[in-house]
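Hello,

Please find the structure below. My notes on it follow.

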Amino acid sequence: MKEKPSKLDAYAERLDEWFGEKKMTLEAVREQLRLDGCTVSISRLGEWWSQRQSRRLQDRLLEQIASGARQCQDVEKALGKSGAPELNTLIKLHRVLILKLSTEGNADPEKLELVNRMMREVQKFARLEQLAEQNKLEARRLDLLERKAALADQAKEVTESALTPEEKQLKLKQIFGMG
């Protein structure tokens, strides 16, 4: 459904400036229009401005959707060439999206809620990374303990053997890598 043209359309750029940059009231803008030879009611002026803002918001949304679609195509094209990204790459992308949405959140509270939900996912991933690192450390610790026990067993065998003290000392140096 196409809207019919309005006499205010001829003043669109000036109205954008007056309402946007100069933050003039409806009454002040109506008076300025009257001085320029255009008479309009406050209600019609408010309705026109509201419709203009709605159209702009809709245009921006459609632009963002189109941009997102292009970005998805670019990503899919890149993935087709190089394969799926690693999990860390996806997490980094996730963080970039969070930052982008955070900056847009001032104008749209729903984006801030989306940021909060996304941050929970990042926090879950960070916790999983932390647990994986702890598992690696525990595995390393277990390996060292097993090696220590094996060295202790070898040292015990040497000390209980019938070797001479010099032979025992030489053998222990070999076991502990000092000779």
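Predicted model: local features only at pLDDT ≥ 70, side-chain atom pairs only at ≥ 80, totals over all residues.

Residues are numbered from 1 along each chain as its sequence is written, and side-chain values use heavy atoms, with hydrogens and water left out.

Back to α1 (residues 12–21) and α3. Their axes lie 12 Å apart, at an angle of about 90 degrees. Axes are lines fitted to C-alpha atoms, for helices over the stretch in contact; angles run from 0 to 180 degrees between N-to-C directions. Helices are DSSP runs (H or I, at least four residues), numbered from the N terminus. From α1, Ala12, Leu15, Asp16 and Phe19 make the contact (heavy atoms within 4.5 Å). From α3 come Leu45, Trp48, Trp49, Arg52 and Arg56. By class, that is 6 nonpolar, no polar and 3 charged residues.

Next, α5 (residues 109–159) and α6 (residues 165–175). Their axes come within 10 Å and cross at roughly 170 degrees. That makes the two helices roughly antiparallel. Leu151, Gln154, Ala155, Val158 and Thr159 of α5 meet Lys168, Lys171, Leu172 and Ile175 of α6. This contact has 5 nonpolar, 2 polar and 2 charged residues.

Now the largest pocket. It holds about 550 Å³ of space. A pocket is an open set of points on a 1 Å grid, for a 1.4 Å probe, with protein on both sides within 12 Å along at least five of seven lines. Of its 16 lining residues, Leu61, Gln64, Lys100, Glu104 and Lys111 are closest to the centre. Lining residues have an atom within 4 Å of a point. Helix α3 gives the most, with 8 residues.

Last, confidence. The chain averages a pLDDT (0 to 100) of 85.

Best wishes

Methods
Points joined across faces, edges and corners; volume = space filled by probe spheres on them. Parallel < 35°, antiparallel > 145°, perpendicular 65-115°, else oblique. Nonpolar A, V, L, I, M, F, W, Y, C, P; charged D, E, K, R; others polar. pLDDT = per-residue confidence, 0-100.
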